[in-house]
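Open the model in your viewer and keep the selection tool at hand.

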Amino acid sequence: FQAEDGIRDYKVTGVQTCALPIFGVTSAMQVFGSGVQLARAASRRSEAVVHARALMDSALWIPNLRAGETHGVIGDGYRWVRSIRPAGPEDGLEPPDEGETESEIGLAVISVLIEWDETSGPKNYRIGTMRVIPKDPGE
């Protein structure tokens, strides 16, 4: 910037020189902060997956699996719900044709839901599977 009397005005250039590095540092800190938030969210989700797998594994080892729903709190802000129900047509199970003998085994649908809160809102992770079970004599 050249003043009318021909003397260079260093004030404007000095302000610009200071502003650019400050803007660059601020931008870099925002990018770093976003990276930290993404890493924390990924860590929380990974932890939720581990909890869901543990609850699913424990359900697969229950000798006499019964339909129903159980729930609880794991800690560190995680809540869980495990539901067990007989498989039906909504799961792709077709009823036996006429004249076919009813099977002595059935399928149970096991579902585990893990929920937790984050600053961006509530999050959840769901895992499910089916397990062969003996049919109740009354069915």
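What share of the contacts in the protein chain with a separation of 6 or more comes from residues 24 or more positions apart? The share is 57%. Keep in mind that this is a predicted model.

**Whole chain.** Select the protein chain and colour by secondary structure. Follow the sequence and the order reads α-β-β-β-β.

**Surface.** The protein chain shows about 10500 Å². Carbon and sulfur atoms hold 59% of that area. Now colour by burial: 20% of the 139 residues count as buried.

**Strands β2 and β3.** Select residues 78-86 for strand β2, then residues 105-118 for strand β3. Show side chains for Y78 and W116. Y78 sits in β2 and W116 in β3.

**The ring pair.** A search of the whole structure gives 1 aromatic pair. That pair is Y78 with W116. Two values describe such a pair: the distance of the ring centres and the angle of the planes. Here the centres are 5.8 Å apart and the planes make 50 degrees. The pair counts as tilted, because stacked needs under 30 degrees and edge-to-face over 60. Since Y78 belongs to β2 and W116 to β3, the pair ties together parts that are 38 residues apart in sequence.

Are these two residues, Y78 and W116, buried or exposed? Both are buried.

**Last stop.** R44 lies over the face of Y78, 4.4 Å from the ring centre. Y78 thus takes part in the tilted pair with W116 and has R44 over its face.

Key. Residues numbered from 1 in each chain as written. Predicted model: local features only at pLDDT ≥ 70, side-chain atom pairs only at ≥ 80, totals over all residues. Heavy atoms only, no water. Helix = DSSP H or I, 4+ residues; strand = E, 2+ residues; numbered from the N terminus. Buried < 20%, exposed > 50% of the residue type's maximum accessible area, 1.4 Å probe, protein only. Contact = heavy atoms within 4.5 Å. Areas by Shrake-Rupley, 256 points an atom, 1.4 Å probe, with all protein chains shown as cover. Phe/Tyr/Trp six-rings, centres within 6.5 Å; stacked < 30°, edge-to-face > 60°. Lys NZ or Arg CZ within 6 Å of the ring centre and 35° of its normal.
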